[in-house]
Amino acid sequence: MKSDPATSAAPLRALGGALRSSEPVRAVPAPSAAALLLEEAADLLVVNLDFGAALRTCERAWQGLLEEPAGASLEVKCSLCVVGIQALAEMDRWREVLSWVLQYYQAPEKLPPKVLELCVLLYSKMQEPGAVLDGVRAWLQDPDNQGLPEYRSLAELHLQRVLLPLGLLSEAEELVVGSAAFSEKQRLDALQAVSAARQQQTHGHSGSEETRTLNQEGSSSHKFLSLLTLLRQLWDSAVSHFFSLPFSKSLLAALLLCLLVLRFDPASPRSLPFLYKLAQIFQRIREAVSPPLCQLPIQH
């Protein structure tokens with residue numbers, strides 16, 4: 001039984017239309033093992049939510065790709081990094097992201113733009129932009145990267161998410177002025193952002209100085225009040241003890257107290273009026289606390 005020519009050629013038409021006898025059969029290349037593992041890792045990440053298995057699958061795929069030439073399977077390598085970064089972030093192991101991708105690319109300037117962008121966004125979101133500072137610097141300074149279409153967007157991302165939050169305003173200005181990737185309008189907008197950040201930084205420093213000064217003044221006032229309270233307690237204690245002494249000892253204690261507190265010279269003529277008044281006061285106190293002679297018991 002002969003096969004129907006129309007039926008036997010049906011699978012081939014899907015590849016390139018009707019075939020002529022002179023055309024060779026074009027076969028679709030089979031996907032590589034790394035591409036299959038990439039698809040498996042994506043399913044584990046998105047469908048199964050098995051982040052650990054997704055990361056391990058990416059690492060298995062990378063082991064096979066390390067044996068291939070450096071320029072082969074660039075898209076697959078980049079996609080494996082994207083899946084691996086997402087898996088690490090989902091497992092709250094985001095601090096390992098940069099070291100994980102660098103073990104496959106060896107140097108930050110060799111990272112694909114998409115991978116570097118994800119690293120900047122991740123560390124910036126987690127409030128640690130300084131972790132990618134040196135890596136992005138190296139990438140932007142590499143001559144091979146400066147001609148890439150993604151260079152300007154990465155420079156802007158580095159400016160907004162890394163340099164400005166870290167307060168590296170001089171470096172931000174150098175990046176904007178020295179890079180040819182920015183148009184005049186983009187350069188003006190970036191410089192305005194740097195100027196606004198500098199003003200905010202200046203106001204923040206002045207505000208912190210005022211707060212520090214107020215705190216110091218408040219601390220000094222508190223110490224002064226504490227000292228006054230302590231002196232008052234000491235004074236009350238001394239006065240109560242003073243009145244419990246005999247008159248002669250009280251007068252001597254008062255003189256010593258005046259010498260210590262008021263620091264005046266009892267031999268000076270200026271001190272005589274004060275000593276005279278002090279003696280009068282103690283005489284009155286003595287008369288007030290001593291019983292009159294008529295009330296003294298008579299001894300027989």
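These legends accompany close-up views of a predicted model.

**View A. Two aromatic rings stack on each other: Trp-62 and Tyr-104.**
A pair of aromatic rings is described by the distance of the centres and the angle of the planes. In the whole model, the count comes to 5 aromatic pairs. For Trp-62 and Tyr-104, the ring centres are 4.4 Å apart and the planes meet at 10°. Planes under 30 degrees apart count as stacked, so this pair is stacked. The two partners come from distant parts of the chain, 42 residues apart. Look for Trp-62 in helix H4 (residues 51-65) and for Tyr-104 in helix H6 (residues 97-105). Is Trp-62 buried or exposed? Its relative accessible area is 1%, and buried means under 20%, so Trp-62 is buried. Tyr-104 is buried too, with a relative accessible area of 7%.

**View B. Tyr-104 also pairs with Trp-100, this time edge-to-face.**
Here the ring centres lie 5.3 Å apart, with 85° between the planes. Planes over 60 degrees apart count as edge-to-face. Trp-100 and Tyr-104 both sit in helix H6, and because they are 4 residues apart there, about one helical turn separates them. Trp-100 counts as buried, at 6% relative accessibility.

**View C. Leu-133 is a buried residue in helix H8.**
Helix H8 covers residues 133-141. Leu-133 has a relative accessible area of 11%, and since buried means under 20%, this leucine is buried. Which residues does Leu-133 touch, leaving out those up to four places away in sequence? They are His-158, Val-162, Leu-163, Leu-166 and Leu-168. One of these neighbours, Val-162, is 29 residues from Leu-133 along the chain, yet their C-alpha atoms are separated by 6.7 Å.

**View D. Arg-187 is buried and makes a polar contact with Glu-184.**
You can find Arg-187 in helix H11 (residues 184-243). What is its relative accessible area? The value is 15%; as buried means under 20%, Arg-187 is buried. The side chain of Arg-187 makes its polar contact with the side chain of Glu-184 at 3.3 Å. Residues up to four places away in sequence aside, Arg-187 touches Val-176, Val-177, Ser-179, Ala-180 and Phe-182.

**View E. The second largest pocket holds about 390 Å³ of space.**
Rolling a probe the size of a water molecule over the atoms shows where empty space is left. The second largest pocket is lined by 16 residues, and those closest to its centre are Lys-110, Leu-111, Pro-112, Pro-113 and Leu-148. Which elements give two or more residues to this lining? They are helix H5 (74-90) and helix H7 (113-125). The largest share, 3 residues, comes from H5. In terms of residue type, the lining divides into 8 nonpolar, 1 polar and 7 charged.

Technical notes. Residues numbered from 1 in each chain as written. Predicted model: local features only at pLDDT ≥ 70, side-chain atom pairs only at ≥ 80, totals over all residues. Heavy atoms only, no water. 1 Å grid on protein atoms, 1.4 Å probe; cavity = no way out; pocket = protein on both sides within 12 Å on 5 of 7 lines; lining within 4 Å. Points joined across faces, edges and corners; volume = space filled by probe spheres on them. Nonpolar A, V, L, I, M, F, W, Y, C, P; charged D, E, K, R; others polar. Buried < 20%, exposed > 50% of the residue type's maximum accessible area, 1.4 Å probe, protein only. Polar contact = N/O pair within 3.5 Å; in protein donor to acceptor, adjacent residues only side chain to side chain. Contact = heavy atoms within 4.5 Å. Phe/Tyr/Trp six-rings, centres within 6.5 Å; stacked < 30°, edge-to-face > 60°.
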